Amino acid sequence: MTEFKQFHSGDETSLVFHSQSQIYFCQCDAKHTLSFFELLRILSDAAVEDYNQRGMSWKMLWDHGYLILLSRQSFHFHKMPQANQKITIRTWEEKPQVLQFVRAYEITDTETGELLVSGLSNWLLVCAHTHRILRLKDFTLRPDSILQTEYKYLEPSKISVPENVSLLCERTIWYSDIDGNGHTNNARYGAFVIDSLPDEYQKKTFSDFKINYSKEAVLGHKIQIYGAFDDNAKKITIIGKQDENICFEAELYWN
């Protein structure tokens, strides 16, 4: 019987969380590779579990008046995980920026050690009741990480909106999209992005994926999803709007 383990390595200022699991058939897309929705979900779950096992559950943070909200993410796909593959997720906090926490991710093949996915994300500290952005130096529930890892791929950053975007579809936010924070779970946007693409682009093998979160979408809202396709640069830009307000922005690249 396969045994999956979770554990930390390093000291309190350089902790790395390790989580072993398997990619199941239901987590994969039509190409039998891990879907964007499931990729974002399992990495978000790993980040949450890292904090849980360090005594900082969602409830504990809420009781102290905090929410930690995802702002930006960027991933490089060395080789997308496949159905039935046993994987190890490694995630750790990097030295924080002035206004944002930084978290790194790696997904490897547990049996061979092959690196499959590399990623970085930025997170905002906000007041649980007003959603006002708070100063990171006031967050004293754990010591800041001192880790600063060299990252060779596209980092989370501003995404420019092209002039030639066209409406791809409109999507209603349903009950199953909402999480315990009362708005659309960040992982659901991975499904929104892929579902909006024309068929010929859905079939491409992507090398990089960036997504930025701007305005929270809540139950009953409708998101208009726009896209621009640059075949010369092998790049897709996706913009999700609620009326005139940008909800999320994403970029996808293929080889």
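Visitor: What makes strand E2 (residues 16-22) and strand E4 (residues 86-94) a pair?

Guide: In this predicted model, E2 and E4 run antiparallel and share six bridges. Two strands pair if DSSP finds at least two bridges between them, so E2 and E4 meet the rule and count as a pair. Among these contacts, Gln20 has Thr88 in E4 as its bridge partner. The strands themselves are DSSP runs (E, at least two residues, as against H or I, at least four, for helices), numbered from the N terminus.

Visitor: Which strands are called edge strands of the open sheet, and why?

Guide: The sheet has 11 strands in the order E1-E2-E4-E5-E6-E3-E8-E11-E10-E9-E7, with antiparallel pairing. Its edge strands are E1 (6-9) and E7 (166-172), each of which pairs on one side only. From one strand to the next, the twist averages 20°. Helix H3 packs on this sheet, touching E7, E8, E9 (222-230), E10 (235-242) and E11 (245-254), and its direction makes about 65° with that of E11. Such angles run from 0 to 180 degrees between N-to-C directions, with axes fitted to C-alpha atoms, for helices over the stretch in contact.

Visitor: Why is Ser207 called buried?

Guide: Ser207, which lies in strand E8 (residues 206-213), has a relative accessibility of 6%. Buried means under 20% relative accessible area, exposed over 50%, and partly exposed in between (1.4 Å probe, protein chains only), so Ser207 belongs to the buried class. Not counting residues up to four places away in sequence, Ser207 touches Phe75, His76, Phe77, Tyr253, Trp254 and Asn255, where contact means heavy atoms within 4.5 Å.

Visitor: What makes the space lined by Glu12, Thr13, Ser14, Leu15, Arg54, Glu93, Pro143 and Ser145 a cavity?

Guide: On a 1 Å grid over the protein atoms alone, a cavity is a set of points where a 1.4 Å probe fits but cannot get out, whereas a pocket is an open set with protein on both sides within 12 Å along at least five of seven lines; lining residues have an atom within 4 Å of a point. Those eight residues line the largest cavity, whose volume is about 40 Å³, and the count comes to one cavity of 30 Å³ or more.

Visitor: How much space lies in the largest pocket, and which element gives the most to its lining?

Guide: The largest pocket holds about 950 Å³ of space. Of its 41 lining residues, Ile68, Leu69, Leu70, Trp123 and Asn181 are the closest to its centre. H1 gives the most to this lining, with eight residues.

How values were computed: Residues numbered from 1 in each chain as written. Predicted model: local features only at pLDDT ≥ 70, side-chain atom pairs only at ≥ 80, totals over all residues. Heavy atoms only, no water. Points joined across faces, edges and corners; volume = space filled by probe spheres on them.
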